[in-house]
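Work through the exercises below with the sequence and the coordinates at hand. Each task is followed by a solution in steps.

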Amino acid sequence: MRLFTPAILRISANGISNLLDESWMEGHFYFIAEEAAKSNKSVFHKTIREGFLYYLGTEVYNEYLRPHNVIGYGAERSDELYLYLYSGLVELIDFLSYHELETKNLGIRLDRYIEELLEEYDRTGNTKIGTIEYNGNLKKAWMYLLEKNSSSLADLKYEYASRFAERVFHDREMCEYISRQLQFSRYGWGTYGTNHTDEKPAQWIKREKWPKWVERAIQARDRGNCAICEKSIILESGQQNIDHIVSLAQGGTNDLMNLQLTCPECNSEKSSSTKSVESSVPKYLGIDTIRKRS
Ligand SMILES: [Zn+2]
């Protein structure tokens, strides 16, 4: 299925900035982690298809669709709100049209409204200040479109969430960051609102045997190189290990995002230390290489 590029970009950008937002990490993130843990027996196992990153992706997709800023937004009449609603609605209509979903039959008044909106957009690429009524109607039109297309939008969720999961999975540094946040969420809060920071990280997930597809995904992402010493495992020894970035003993998970490829030497060394990933950018794409080329 072809996906709407502006939506892919915005979902990725929103997702990543959410992950760096402290308030989101403290509350929202923990709820998602909890939900993911409950709804999947092999806890956090298949990141792209049903694992943790996929849950994050569905969450960000839902946020992308709803005019969430509006809920609890104080001023009904405000330029900022108007701009947000206006540009968001224009994009929502593009998004729906792209997927051949319904954008019309909003009722006579709202229909005319959207037409005006699009005409104005085509003509000036600009907006005018929103009155209470104007903003209210934009909000109504938005909610109406979501409701009208709710089942199709729910079907699309899978594709967009998987794309987000893939995007984040390929950034090993981001994967490590998320794994550490998960560890922190678990031992930092326990239950949201109560503080258990004195609790020591401990193993809560049992070791599992990797399915073949997990090995293949990790090999492809890490380009067949050891994540720690960077030597080419395939060329040099053919012996590889799949390693937990945050160890199970430290509260890590079996989720795909918490795994990396290592050579046997680094793997046995790592079990006694906690060396972490330094960069998600492979050495061969690093600044030195680029400089040498130019
Ligand atoms: Zn190594």
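**Exercise 1.** Find where Glu100 lies in the chain, and decide whether Glu100 is buried or exposed.

Solution. Step 1: Glu100 sits in the loop between helix 4 (79-98) and helix 5 (108-124). Helices here are DSSP runs of H or I with at least four residues, strands are runs of E with at least two, and both are numbered from the N terminus. The model is a predicted one, in which local features need pLDDT of at least 70 and side-chain atom pairs count only at pLDDT 80 or more, while totals for chains, interfaces and linings use all residues. Residues are numbered from 1 along each chain as its sequence is written.
Step 1: Glu100 is not a glycine, yet has a positive phi of about 55°.
Step 2: a residue is buried if 20 or more other C-beta atoms, placed from the backbone, lie within 10 Å of its own, exposed if 12 or fewer, and partly exposed in between. Glu100 has 8 other C-beta atoms within 10 Å and is therefore exposed.

**Exercise 2.** Determine how the buried residues of helix 9 are placed around its axis.

Solution. Step 1: the buried residues of helix 9 are Ala217, Ile218 and Arg221.
Step 1: they cover an arc of only 95° around the axis (taken over the directions from the helix axis to the C-beta atoms), so they are on the same side of helix 9.
Step 2: an α-helix has 3.6 residues a turn, so residues three or four places apart point the same way.
Step 3: Lys212, Arg216 and Ala220 are exposed on the other side of helix 9.
Step 4: just after helix 9, Arg223 takes a positive phi of about 55°.

**Exercise 3.** Describe the packing of helix 1 against helix 7 and name the residues in the contact.

Solution. Step 1: helix 1 (residues 5-19) and helix 7 (residues 150-169) pack at an angle of about 55°, and their axes are 10 Å apart. Axes are lines fitted to C-alpha atoms, for helices over the stretch in contact, and angles run from 0 to 180 degrees between N-to-C directions.
Step 1: angles under 35 degrees count as roughly parallel, over 145 as roughly antiparallel, 65 to 115 as roughly perpendicular and the rest as oblique. Helix 1 and helix 7 are therefore oblique to each other.
Step 2: helix 1 contributes Ala7, Ile8, Ile11, Ser12 and Gly15 to the contact, and helix 7 contributes Tyr160, Arg163, Phe164 and Arg167. Two residues are in contact if their C-beta atoms, placed from the backbone, lie within 7 Å.
Step 3: the contact of helix 1 with helix 7 has 5 nonpolar, 2 polar and 2 charged residues. Ala, Val, Leu, Ile, Met, Phe, Trp, Tyr, Cys and Pro count as nonpolar, Asp, Glu, Lys and Arg as charged, and the others, Gly among them, as polar.

**Exercise 4.** Work out how helix 3 is oriented to helix 7 and to helix 1.

Solution. Step 1: the axes of helix 3 (residues 52-65) and helix 7 come within 7 Å and cross at roughly 125°. Helix 3 and helix 7 are therefore oblique to each other.
Step 1: by class, the contact of helix 3 with helix 7 has 13 nonpolar, 3 polar and 1 charged residues.
Step 2: helix 1 and helix 3 pack at an angle of about 115°, with axes 9 Å apart, and are therefore roughly perpendicular to each other.
Step 3: Ala7, Arg10, Ile11, Asn14, Gly15 and Asn18 in helix 1 meet Leu56, Gly57, Val60, Tyr61, Glu63 and Tyr64 in helix 3. These residues divide into 6 nonpolar, 4 polar and 2 charged.

**Exercise 5.** Which residues does Leu92 touch, not counting residues up to four places away in sequence?

Solution. Step 1: Leu92 belongs to helix 4 and counts as buried, with 22 C-beta neighbours inside 10 Å.
Step 1: Leu92 touches Trp142 and Leu145 when residues up to four places away in sequence are not counted.
Step 2: Leu92 and Leu145 are 53 residues apart along the chain, and their C-alpha atoms are separated by 8.6 Å.
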